[in-house]
Amino acid sequence: MATTLAAALARAVGVDFEIPDGGETISLAGFAVVTGFFAVVGIVIAVALRRWSARPAERFVWTAVSLTAISLVPPFLVGANTATIVALVGLHLLAAAVMIPALARSLH
(Lines give C-alpha, C1' and ligand atoms only; values in the text may rest on other atoms or scores of the structure.)
Protein backbone atom coordinates (compact mmCIF):
# COMPACT_ATOMS: atom_id res chain seq x y z
CA MET A 1 0.00 0.00 0.00
CA ALA A 2 2.77 2.45 0.94
CA THR A 3 4.69 1.97 -2.31
CA THR A 4 1.58 2.37 -4.46
CA LEU A 5 0.65 5.57 -2.64
CA ALA A 6 4.20 6.89 -2.95
CA ALA A 7 4.24 5.98 -6.67
CA ALA A 8 0.95 7.85 -7.14
CA LEU A 9 2.41 10.90 -5.40
CA ALA A 10 5.56 10.68 -7.55
CA ARG A 11 3.42 10.45 -10.68
CA ALA A 12 1.39 13.47 -9.50
CA VAL A 13 4.56 15.57 -9.33
CA GLY A 14 5.68 14.53 -12.80
CA VAL A 15 7.58 11.24 -12.59
CA ASP A 16 6.56 9.30 -15.69
CA PHE A 17 7.88 5.81 -14.74
CA GLU A 18 8.65 5.17 -18.39
CA ILE A 19 11.07 2.32 -19.02
CA PRO A 20 12.56 2.95 -22.48
CA ASP A 21 14.26 -0.46 -22.72
CA GLY A 22 10.87 -2.18 -22.60
CA GLY A 23 8.87 0.62 -24.17
CA GLU A 24 6.44 0.59 -21.26
CA THR A 25 5.28 2.78 -18.43
CA ILE A 26 4.92 1.16 -15.01
CA SER A 27 1.30 1.36 -13.88
CA LEU A 28 0.19 1.92 -10.31
CA ALA A 29 -1.31 -1.57 -10.32
CA GLY A 30 2.10 -2.85 -11.38
CA PHE A 31 3.66 -1.36 -8.26
CA ALA A 32 1.04 -3.03 -6.06
CA VAL A 33 1.45 -6.44 -7.72
CA VAL A 34 5.25 -6.46 -7.69
CA THR A 35 5.46 -5.17 -4.12
CA GLY A 36 2.89 -7.75 -3.01
CA PHE A 37 4.77 -10.56 -4.75
CA PHE A 38 8.09 -9.66 -3.16
CA ALA A 39 6.43 -9.19 0.23
CA VAL A 40 5.26 -12.80 -0.06
CA VAL A 41 8.82 -13.83 -1.01
CA GLY A 42 10.03 -12.07 2.16
CA ILE A 43 7.44 -13.89 4.25
CA VAL A 44 8.52 -17.24 2.79
CA ILE A 45 12.16 -16.44 3.59
CA ALA A 46 11.19 -15.43 7.14
CA VAL A 47 9.18 -18.63 7.66
CA ALA A 48 12.04 -20.77 6.34
CA LEU A 49 14.55 -19.03 8.58
CA ARG A 50 12.26 -19.40 11.60
CA ARG A 51 12.13 -23.12 10.92
CA TRP A 52 15.78 -23.80 10.08
CA SER A 53 17.90 -21.08 11.66
CA ALA A 54 19.11 -20.69 15.22
CA ARG A 55 19.00 -16.89 14.80
CA PRO A 56 16.16 -16.25 12.33
CA ALA A 57 15.69 -12.51 12.93
CA GLU A 58 19.37 -11.69 12.49
CA ARG A 59 19.71 -13.87 9.39
CA PHE A 60 16.50 -12.45 7.93
CA VAL A 61 17.69 -8.86 8.31
CA TRP A 62 21.04 -9.66 6.65
CA THR A 63 19.31 -11.53 3.82
CA ALA A 64 16.65 -8.88 3.27
CA VAL A 65 19.12 -5.98 3.35
CA SER A 66 21.36 -7.82 0.86
CA LEU A 67 18.44 -8.50 -1.47
CA THR A 68 17.32 -4.88 -1.15
CA ALA A 69 20.80 -3.69 -2.13
CA ILE A 70 20.69 -5.95 -5.20
CA SER A 71 17.22 -4.62 -6.08
CA LEU A 72 18.62 -1.08 -6.27
CA VAL A 73 20.73 -1.95 -9.34
CA PRO A 74 18.06 -2.56 -12.07
CA PRO A 75 16.61 0.97 -12.04
CA PHE A 76 20.01 2.20 -13.24
CA LEU A 77 20.15 -0.33 -16.07
CA VAL A 78 16.82 0.20 -17.85
CA GLY A 79 17.54 3.54 -19.49
CA ALA A 80 14.97 5.52 -17.51
CA ASN A 81 15.29 9.23 -16.84
CA THR A 82 16.77 10.50 -13.58
CA ALA A 83 13.41 11.23 -11.93
CA THR A 84 12.20 7.70 -12.62
CA ILE A 85 15.44 6.15 -11.34
CA VAL A 86 15.33 8.18 -8.13
CA ALA A 87 11.66 7.34 -7.61
CA LEU A 88 12.20 3.63 -8.22
CA VAL A 89 15.15 3.49 -5.83
CA GLY A 90 13.09 5.38 -3.25
CA LEU A 91 10.19 2.96 -3.67
CA HIS A 92 12.50 -0.03 -3.18
CA LEU A 93 13.84 1.54 0.00
CA LEU A 94 10.33 2.40 1.22
CA ALA A 95 9.14 -1.19 0.75
CA ALA A 96 12.22 -2.45 2.58
CA ALA A 97 11.73 0.07 5.40
CA VAL A 98 8.19 -1.21 5.93
CA MET A 99 8.68 -4.94 5.44
CA ILE A 100 12.08 -5.73 6.95
CA PRO A 101 11.43 -4.42 10.47
CA ALA A 102 7.92 -5.88 10.56
CA LEU A 103 9.07 -9.35 9.55
CA ALA A 104 12.19 -9.21 11.74
CA ARG A 105 10.05 -8.34 14.78
CA SER A 106 7.84 -11.34 14.05
CA LEU A 107 10.91 -13.59 14.28
CA HIS A 108 11.96 -12.58 17.81
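Predicted model: local features only at pLDDT ≥ 70, side-chain atom pairs only at ≥ 80, totals over all residues.
1. S71 sits in helix α3, where helices (H or I, at least four residues) and strands (E, at least two) are DSSP runs numbered from the N terminus. S71 is partly exposed, with a relative accessible area of 22%; buried means under 20% relative accessible area, exposed over 50%, and partly exposed in between (1.4 Å probe, protein chains only).

2. Residues are numbered from 1 along each chain as its sequence is written, and side-chain values use heavy atoms, with hydrogens and water left out.

3. On the overall layout, the protein chain has five helices and two strands, in the order α-β-β-α-α-α-α from the N terminus. Its C-alpha atoms fill a box of roughly 45 × 25 × 15 Å along the principal axes. Of its 108 residues, 30% count as buried. The accessible surface is about 6700 Å², and carbon and sulfur atoms hold 73% of that; accessible areas come from the Shrake-Rupley method with a 1.4 Å probe, and for residues only the protein chains shown count as cover. Among contacts (heavy atoms within 4.5 Å) with a separation of 6 or more, 62% join residues 24 or more positions apart.

4. The largest nonpolar core has 12 residues: A7, A10, V15, F17, I19, F31, A80, I85, A87, L88, V89 and L91. Such a core is a set of buried Ala, Val, Leu, Ile, Met, Phe, Trp, Tyr and Cys residues joined through side-chain atoms within 4.5 Å. The elements giving two or more residues to this core are α1 (2–12) and α5 (82–106), and the largest share, five residues, comes from α5. A second, separate core of 10 residues includes L49, F60, A96 and I100.

5. Leaving aside residues up to four places away in sequence, F31 touches T3, T4, A7, F17, I26, L88 and L91. F17 lies in the loop between α1 and β1 (18–19) and counts as buried, at 0% relative accessibility. Its phi is near 55°, a positive value in a residue other than glycine. Most residues other than glycine have a negative phi.

6. D16 is in the loop between α1 and β1, and is partly exposed at 30% relative accessibility. Apart from residues up to four places away in sequence, D16 touches R11, T25, N81 and T84. The C-alpha atoms of D16 and A80 are 9.4 Å apart, although 64 residues separate them along the chain.

7. The largest pocket holds about 910 Å³ of space. Its lining has 29 residues, with V34, F38, S71, H92 and A95 nearest the centre. On a 1 Å grid over the protein atoms alone, a pocket is an open set of points where a 1.4 Å probe fits, with protein on both sides within 12 Å along at least five of seven lines, and lining residues have an atom within 4 Å of a point. Grid points are joined across faces, edges and corners, and a volume is the space filled by probe spheres set on the points. The largest share of the lining, nine residues, comes from α2.
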